[in-house]
Amino acid sequence: MAAVRSYASLDAALADLAASCGCRADALIFCSVCRRDSDELRARLAPLARRVMVLSASMPLPLEITYRTPATLGADRIAAAVGAATIHPGRTCLVVDMGTAITYDVVSADGRYLGGNIAPGIFVRLEALEHFTSALPLVETDGDVPRWGYDTETALRAGAIRGVVGELQYYRHCLSTDAAVVLTGGSADLITDLITTPVTVEPNLVLIGLNRIINYNEEI
């Protein structure tokens, strides 16, 4: 699997994808948490593959979704859950995706998505403290993260970052002793050195899940 690339726009990403394919693919899958019309994306991707799929909870999946409202479940959360089950088959998994929001999702050892929680991401926590108070400043995530802050800046930074560490380790404590923790997302590197719980860090977790889902659909 190729490394993840960043693009300034969707047009740039599609142009690069078209240039790198070389020929029309058999199948292509995508997921998005943006409010962009999936039909438009599907139409623009159609020339690149014979079959274009949009990930959703209603399509055939190698994971049973037991969420009460599957239609509201983010496609990225589904892909990450499948990715974790692919990396750790036969094990209960706590899937932690750290972005603007942090999602904590649980996959059972027998391949069921059981549900999860959504919490503010590290940057959102820091921005909210600055926005909703009259005296606290906005601090950067780069810098010292002591166990106990020794000034306002380190107190805010440590509160946000170590607070997330505490959340993760609490949710891990709620699961069986042999459960695996799979960590992904753009803010994951802010907490990896502080976690005492064993974790698998996988930046490409969503892509691993998408690859498993597309292969599953091609096999059935």
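In the predicted model, D97 stands opposite T103 of strand β5. This pairing belongs to the contact between strand β4, residues 93–98, and β5, which are antiparallel and share six bridges. A hairpin of two residues connects β4 to β5.

On its other pairing, β5 is joined to strand β6 (residues 112–120) by seven bridges, again in the antiparallel sense. Here D105 has G116 of β6 as its bridge partner. The hairpin formed by β5 and β6 has four residues between the strands, and G111 in this turn has a positive phi of about 85 degrees. Of the seven residues of β5, six are buried, so the strand is largely enclosed by the rest of the structure.

Among the residues of β5 is Y104, whose strand spans residues 101–107. Y104 is buried, with a relative accessible area of 3%. A search for aromatic pairs across the whole structure returned three. In one of them, the ring centres of Y104 and Y171 are 4.6 Å apart; the planes meet at 45 degrees, so the pair is classed as tilted, a class that lies between the limits of 30 and 60 degrees. Y171 lies in helix α5 (residues 152–173) and Y104 in β5, so the pair ties together parts that are 67 residues apart in sequence. In contrast to the buried Y104, Y171 is partly exposed, at a relative accessible area of 22%; the cut-off for burial is under 20%. Ring pairs also bring in Y170, giving a cluster of Y104, Y170 and Y171.

Nonpolar packing was examined next. The largest nonpolar core comprises 27 residues, and I29, L55, M59, L61, V95 and I213 have the most contacts inside it. At least two residues of this core come from each of β1 (25–30), α3 (75–87), β4, β7 (180–184) and α6 (205–219). The greatest contribution is that of α3, with seven residues. Apart from this core lies another, of 23 residues, which includes L94, L156, V164 and I191.

When residues up to four places away in sequence are not counted, V95 touches T103, Y104, D105 and V107, together with A80, A81, A84, V182 and L205. The contacts of V95 thus include Y104, the residue whose ring is paired with that of Y171, as well as T103, which stands opposite D97, and D105, the bridge partner of G116.

Notes:
Residues are numbered from 1 along each chain as its sequence is written. This is a predicted model: local features need pLDDT of at least 70, side-chain atom pairs count only at pLDDT 80 or more; totals for chains, interfaces and linings use all residues. Side-chain values use heavy atoms; hydrogens and water are left out. Rings of Phe, Tyr and Trp (its six-membered ring) pair if their centres lie within 6.5 Å; planes under 30 degrees apart count as stacked, over 60 as edge-to-face and the rest as tilted. Buried means under 20% relative accessible area, exposed over 50%, partly exposed in between (1.4 Å probe, protein chains only). Two strands pair if DSSP finds at least two bridges between them. A nonpolar core is a set of buried Ala, Val, Leu, Ile, Met, Phe, Trp, Tyr and Cys residues joined through side-chain atoms within 4.5 Å. Contact means heavy atoms within 4.5 Å.
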